[in-house]
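Subject: Structure handover

Hello,

Here is the structure you were waiting for, followed by notes on what was found in it. Please look it over before reading on.

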Amino acid sequence: MAASLGRVCKFGLLKSNYGTLFNQLLACLGVTAGGISALIYALDQSVKASDQVAHPPNYKWGFYGIFSSLDHRSLRRGWEVYKNVCSACHSLDFLAFRHLVGVTHTEEEVKAIAAEYQVQDGPDDTGAYYMRPGKLFDTIPAPYPNEEAARAANNGAYPPDLTYIINASENGENYVFSLLTGYCDPPAGITLREGQYFNPYFVNGALGMPQIIYNEVIEYADGTPATASQVAKDVVEFLMWASNAEFDERKKMTIKVIGFGLISLPLIIYWKRVKWTTVKNTKLLFTPKYKRQ
Amino acid sequence: MISRFLYRYIFKRTSSFILSIVVTSVFFERAYDHACEEIFEWINEGRLWTHIKHKYDNLPQTQSYQKRYIEERTSDLEEIPNEDTKED
């Protein structure tokens, strides 16, 4: 072993004074970086018992498996929930109607959905702006023209855009699900202002959004019983897709990468053995030169 | 025998070697993507859009010939509601 190593490295590795200053510095740097990462990880794993907020439990989402896609039946219902409930206050600015095609609805259906909205277009020949029915390429119209209007209509609280809300909040899908289903009476000592509602999952508990999800709050077109948890689950799964449009593609890519890794592993092992046979089978001989007498 | 053949016609010249790499990668990639797609759809049976599309997609021009053929010939039959095909 030492002999083959020596042959490859020209005996460099076997010398005792190998560690130069640069290498020692590099080692120090590595140890420091590893230590800091471990510290950050440890801090993140702490109990977090001091904040005044309930931590959402981790639910068993159907899309949690490493190969599991989003459930498109649920996405379709989730769009229904957004359209009939959340869209009264929340925008979905970064989603266009065309994104729904082939995900939740067929092209014809999305065209019909878009045509129900009126969007502003223009200018026309006279320079005036006019309203026309929505088209596939329009983004989904927002309920309020600007933030001030949204605040004025909601007691000063601003309903955030929901497109990336799952990625924007920590433990997104569990947080939003818990938020939607977690309303309860405020405990003693907490006073709420006008237009505030108590929700233990919201920091400080006073949320500007009333409870909007109840059993049978909407009726699903596919006949699924619209219990409160079903409605919340469907809208969260839909928002998960809105935040991660490439979700299914990623899961498919996982299969491809693992499969290709399995195929190339034996090839790489074989290749390594081919390359190393000469090294491993080389015998070094030391023939001392005796002086002729 | 086979190795002699491979050597003479593929590995011996760089040009034929490269050509063989290009040709096999085209076919391999096509087959591999297809296989992975099948596995993905098998794992997520019933959850993907391709699996539920047929419920909403009833346009005559997008239907396959066979489906249209069957539907044209069975449209006058009475439909009996079936509990099993109801969605969950």
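Met209(A) lies in the loop that runs between β4 (206-207) and α9 (228-243) of chain A; helices (H or I, at least four residues) and strands (E, at least two) are DSSP runs, numbered from the N terminus. This is a predicted model, in which local features need pLDDT of at least 70 and side-chain atom pairs count only at pLDDT 80 or more, while totals for chains, interfaces and linings use all residues. Residues are numbered from 1 along each chain as its sequence is written, chains are lettered from A and ligands numbered from 1 in the order in which they are written, and side-chain values use heavy atoms, with hydrogens and water left out.

Beyond its neighbours within four places in sequence, Met209(A) is in contact (heavy atoms within 4.5 Å) with His90(A), Leu179(A), Leu180(A), Tyr183(A) and Tyr197(A).

His90(A) sits in the loop between α3 (72-84) and α4 (97-100) of chain A. It is buried, at 10% relative accessible area (buried means under 20%, exposed over 50%, partly exposed in between; 1.4 Å probe, protein chains only). Not counting residues up to four places away in sequence, His90(A) touches Tyr82(A), Pro143(A), Pro159(A), Pro160(A), Leu162(A) and Met209(A).

Now the interface. Contacts link 19 residues of chain B with 27 residues of chain A. The two chains bury about 2000 Å² between them, 62% of it on carbon and sulfur atoms (buried area is the accessible area, 1.4 Å probe, that two parts lose on being put together, summed over both). Phe40(B), Arg47(B) and Trp49(B) supply 35% of the area that chain B buries against chain A, more than any other three residues.

The rule finds 2 salt bridges across this interface, a salt bridge being a side-chain nitrogen of Lys or Arg within 4 Å of a carboxyl oxygen of Asp or Glu. One salt bridge joins the side chains of Lys256(A) and Asp33(B) (3.3 Å, N to O). On the side of chain B that touches chain A, α2(B) gives the most, with 8 residues.

Regards
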